[in-house]
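Subject: Structure handover

Hello,

Here is the structure I promised to pass on. Please have a look at it first; my notes follow below.

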Amino acid sequence: MLIVLDTNILVSALITPFGNAARILDMVLLGELQILYDDRIFFEYREVLLRPKFGFEEKDVNDLLDFFEAQGIKIISIPINEPLIDEDDIPFVEVALNGSAKVLITGNKRHFKGKYTKRLKIMIPDEFLKFWKQTKE
C-alpha cells in the first residue's frame, strides 16, 4: 500500500517505540507499506529529525532515510496552488495526490483542509491501523 507519512508521525514513532506511529513505521520497514516522498519531504524529515531537542543519532536518521530512499518511491509533484493551515504540509498533499497514495498519515488532520485534500484519505495512526486491518480481512 502506498502511503505518505507526515513528519510528526516519524517523530512520534521514534520517541514512542511501542505506540501506533511506531507500528506504522515498523510496517514500512517490513515492506508492508511503501512510502512516497519528494525532495522537500526528505529535507523536512532530515531537518526535523536532526533537531537537538529530539536527541536522535545522525547515523540512525541517515540510515532510516537511506532505507526510505531505497525502498520508497520518489514523486515529482504538480503544485496544487491551494493554501493550507500549515504551508509546510503542501508537499505532503502534492506527493499523496501525484503518487496516488492510498492514505496520508498525520497527527494533525486539522491542518489538511481544502478542496484537494477531499480527494485523499487523511488519517491519524489509530484510524490507519483500523483501516489496514479491514483491508486485510
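Accessible areas here come from the Shrake-Rupley method with a 1.4 Å probe, and for residues only the protein chains shown count as cover. On that basis, the chain has an accessible surface of about 7,600 Å². Carbon and sulfur atoms hold 52% of that surface.

This is a predicted model, where local features need pLDDT of at least 70, side-chain atom pairs count only at pLDDT 80 or more, and totals for chains, interfaces and linings use all residues. Residues are numbered from 1 along each chain as its sequence is written, and side-chain values use heavy atoms, with hydrogens and water left out.

The fold: six helices and five strands. Helices (H or I, at least four residues) and strands (E, at least two) are DSSP runs, numbered from the N terminus. Their order from the N terminus is β-α-α-β-α-α-β-α-β-β-α. Of the 137 residues, 46% are buried (under 20% relative accessible area).

H1 (residues 7-15) packs against H3 (residues 39-49) at about 35°, with the axes 10 Å apart. Axes are lines fitted to C-alpha atoms over the stretch in contact, and angles run from 0 to 180 degrees between N-to-C directions. In contact (heavy atoms within 4.5 Å) are Thr7, Leu10, Val11 and Leu14 of H1 with Glu44, Tyr45, Val48 and Leu49 of H3.

Look at Thr7, in H1. Thr7 counts as buried because its relative accessibility is 4%. Its side chain makes a polar contact of 2.7 Å with that of Glu44; the term means a pair of N or O atoms within 3.5 Å, one able to donate a hydrogen and the other to accept it.

Best wishes

Methods
Buried < 20%, exposed > 50% of the residue type's maximum accessible area, 1.4 Å probe, protein only.
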